[in-house]
Amino acid sequence: MAGIAPRILCIGMPVRDLILRVEALPERGSKANASHLAEICGGNALNAAIAIARLGGRVAFAGPMGDARETSSGFILAQMAQEGIDSTHIVRMPGLSTPVSAIMIEPSGERTLTIYRDPALWTVKLPEADALLADCQAVLVESRCAAFATSLGAEARRRGIPVIVGVDRAMALQDGLLTASSHLLFASAELQETAGIADDGAALRRLAELTPAFLAATRGPRGTIWLNEAGALEETPAFPVQAVDTLGAGDVFHGAFALGLAEGKDVRGAMRFAAAAAALKCTRHGGGPAAPQRIEVEEFLRDRR
């Protein structure tokens with residue numbers, strides 16, 4: 001129905017993030033004082049889900065979470081409820097721990113992190129496709145979740161639903177998500193590592209031989225490079241901003257891009273919309289939960305026509 005916000009299913013593994021702002025990364029074996037501490041929820045797909053909700057989409061989330069008795073999962077679920085994200089399809093895993101990360105942010109906005117994920121979380125079985133894909137206009141998947149998301153992605157594609165995969169680690173060339181997706185958004189370094197080619201354009205063309213999916217590579221302040229329908233390279237510039245925290249910027253980009261597509265934007269329009277959302281996120285501290293509101297993005301774009 002006209003006027004109803006599109007519903008997007010995000011598939012991933014939520015994380016509890018502990019964020020420390022530091023003047024510089026401590027040397028090995030040393031100690032350093034932090035100037036600020038924040039505790040937020042994170043994870044690639046959850047950051048994207050928060051961005052989608054802030055930008056006006058309806059969001060459902062599916063993926064594994066730890067035992068109902070442990071504290072990290074309760075913290076994350078409370079944050080999801082506050083953002084209006086449907087957590088009905090999250091699968092609780094008895095006896096397991098929800099992932100936790102420790103993140104250090106330097107004054108430049110660059111971040112360094114370490115994370116613990118219980119290996120048994122990868123054995124999760126998602127709910128049935130009919131329940132997950134009902135009234136769904138797009139699916140957004142973390143690339144690392146191929147083990148439990150590929151078959152659902154393939155079913156979504158069979159039903160004509162776009163499947164957007166955010167890739168922030170190298171993929172095997174036999175990874176099922178390469179062909180179960182409609183749009184693959186790589187980070188530049190991971191694209192080059194996946195293709196085995198130290199050039200973004202050449203790497204995109206190499207992967208285009210293996211998948212019919214739309215292919216793009218995000219490059220931070222250098223913008224995004226992608227292959228158009230004719231197989232030619234195009235670029236979407238990044239908006240210049242004073243970055244203070246890049247944590248979650250790529251995830252916000254993925255979420256805004258998925259929402260743009262679900263709203264009927266063409267690829268160029270969705271790319272520009274995503275670039276604006278990611279730029280605004282970089283101007284404030286807080287990872288994914290610092291994603292902008294829709295009105296902010298629209299005003300930002302109006303000022304830069």
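Thr211 sits in the loop that runs between α7 (200-208) and β11 (214-218). The model is predicted. In it, Thr211 has a relative accessibility of 5%, so this residue counts as buried, the cut-off being under 20%. A polar atom of the Thr211 side chain lies 2.4 Å from the backbone oxygen of Leu178.

Asp135 is found between α3 and β8 (138-142). Its phi is near 55 degrees, a positive value in a residue other than glycine. Most residues other than glycine have a negative phi. Asp135 is partly exposed, at 45% relative accessible area.

| Residue | Relative accessible area | Class |
|---|---|---|
| Thr211 | 5% | buried |
| Phe300 | 7% | buried |
| Phe239 | 14% | buried |
| Asp135 | 45% | partly exposed |

Next, the aromatic rings. The structure holds 4 aromatic pairs. In one of them, the ring centres of Phe239 and Phe300 are 5.2 Å apart and the planes stand at 80 degrees, so the pair is edge-to-face. Phe239 belongs to the loop between β13 (233-236) and α8 (249-262), while Phe300 belongs to helix α10 (residues 294-302), so the pair ties together parts that are 61 residues apart in sequence. Phe239 is buried, with a relative accessible area of 14%. Phe300 is buried too, at 7%. Elsewhere, ring pairs link Phe214, Trp226 and Phe257 into a cluster.

The last topic is a pocket. The second largest pocket holds about 220 Å³ of space. Its lining is made up of 14 residues. Nearest its centre lie Leu126, Pro127, Phe148, Ser151 and Leu152. By class, the lining divides into 9 nonpolar, 3 charged and 2 polar residues. Two helices, α3 (129-133) and α4 (146-158), each supply at least two of the lining residues. The largest share comes from α4, with 5 residues.

Definitions and conventions: Residues numbered from 1 in each chain as written. Predicted model: local features only at pLDDT ≥ 70, side-chain atom pairs only at ≥ 80, totals over all residues. Heavy atoms only, no water. 1 Å grid on protein atoms, 1.4 Å probe; cavity = no way out; pocket = protein on both sides within 12 Å on 5 of 7 lines; lining within 4 Å. Points joined across faces, edges and corners; volume = space filled by probe spheres on them. Helix = DSSP H or I, 4+ residues; strand = E, 2+ residues; numbered from the N terminus. Nonpolar A, V, L, I, M, F, W, Y, C, P; charged D, E, K, R; others polar. Buried < 20%, exposed > 50% of the residue type's maximum accessible area, 1.4 Å probe, protein only. Polar contact = N/O pair within 3.5 Å; in protein donor to acceptor, adjacent residues only side chain to side chain. Phe/Tyr/Trp six-rings, centres within 6.5 Å; stacked < 30°, edge-to-face > 60°.
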